Amino acid sequence: VIIAMSDGKLHAKEGEKIKDWMEKNISSLDEKNQKIYKTKYNNAFREMFNECKTKKVSLTSIINKLKKLKNKKAEYEAIEMAYKIIAADELIASNEMKVIDKLIKLLNLDKNEIEKIRDQNILGLEQENLSEDNLLISLGIDPKLSEKEIKEKLTIEFQKWNNRLNIVDIKNRKEVQVMLDRIALARKKYK
């Protein structure tokens, strides 16, 4: 909900992704537990929605609760769900990327796994006019790195996506080209 509300609104498609996730998680339960967990999920959703509307939500406190579970799978699932929510409205908003970047840093997860999750979920999505920092974040690059490190990361990203361009089918080429275009845009700043 925090990711969905990071732009100040809960879009219908984002709400649908959250609803789908809740339904998936309770579908394997018996009828009695489905009712119990449906109520719990709905209450948690409303509470978080209201906290986001009033700006009283703390991402750090939520992440700390998740970390206390000591369940890496749940942490990766949270990241995947965040990217699915970002992708729901087919537009990457800069506020969403800032929140997800903070989420990733707080959870301290494997960067290669995060990269796979990011690439699977945001490939080919449009982006609003992003600042330089948000463009780097959307490519999985920390804008606080030195210029030299950013150049190295951009080179790695370019090689990765350029290699994919040669092996994907025609249907997916456009999406890969979008990523190459983003990299080219970021590289202009770091010649």
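Visitor: Which residues in the largest nonpolar core touch the most other members?

Guide: As a general idea, nonpolar side chains in soluble globular proteins tend to be buried together. Please keep in mind that the model before us is predicted. Its largest nonpolar core has 31 residues, of which Ile79, Tyr83, Ile86, Ile100 and Leu103 touch the most other members. At least two residues of this core are supplied by each of α1 (12–26), α2 (31–53), α3 (59–68), α4 (72–88), α5 (94–107) and α6, and the largest share, seven residues, comes from α4.

Visitor: Which residues does Ile100 touch, not counting those up to four places away in sequence?

Guide: With those sequence neighbours set aside, Ile100 touches Ile3, Ile79, Ala82, Tyr83 and Ile86. Another core lies apart from the largest one and consists of 14 residues, including Leu136, Ile141, Val176 and Ala186.

Visitor: At what angle do α4 and α6 pack?

Guide: In reading such a pair, one takes the angle together with the distance between the axes. Here α4 and α6 pack at about 25 degrees, with their axes 9 Å apart; because angles under 35 degrees count as roughly parallel, α4 is roughly parallel to α6. Their crossing is right-handed.

Visitor: Which residues of α4 and α6 meet, and how do the residues of that contact divide into nonpolar, polar and charged?

Guide: From α4, Tyr76, Ile79, Glu80, Tyr83, Lys84, Ile86 and Ala87 meet Glu113, Ile114, Ile117, Arg118, Asn121 and Ile122 of α6. The residues of this contact divide into eight nonpolar, one polar and four charged.

Visitor: How far apart are the axes of α6 and α8, and at what angle do these helices pack?

Guide: Helix α6, residues 111–122, packs against helix α8, residues 147–167, at an angle of about 50 degrees, with the axes 14 Å apart, and that angle makes α6 oblique to α8. The crossing in which α6 passes α8 is right-handed. Glu115, Arg118 and Asp119 of α6 make the contact with Glu157, Lys160, Trp161 and Arg164 of α8, and the residues of this contact divide into one nonpolar, no polar and six charged.

Visitor: Is Lys35 buried or exposed?

Guide: For a single residue, one reads the relative accessible area. Lys35, which has its place in helix α2, is exposed because its relative accessible area is 55%, and exposed means over 50%. Lys35 and Gln120 are 85 residues apart in sequence, and their C-alpha atoms are 33 Å apart in space.

Conventions: Residues numbered from 1 in each chain as written. Predicted model: local features only at pLDDT ≥ 70, side-chain atom pairs only at ≥ 80, totals over all residues. Heavy atoms only, no water. Axes fitted to C-alpha atoms, helices over the stretch in contact; angles between N-to-C directions. Helix = DSSP H or I, 4+ residues; strand = E, 2+ residues; numbered from the N terminus. Parallel < 35°, antiparallel > 145°, perpendicular 65-115°, else oblique. Left-handed = near helix turned anticlockwise from the far one by under 90°. Contact = heavy atoms within 4.5 Å. Nonpolar A, V, L, I, M, F, W, Y, C, P; charged D, E, K, R; others polar. Core = buried A, V, L, I, M, F, W, Y, C linked by side-chain atoms within 4.5 Å. Buried < 20%, exposed > 50% of the residue type's maximum accessible area, 1.4 Å probe, protein only.
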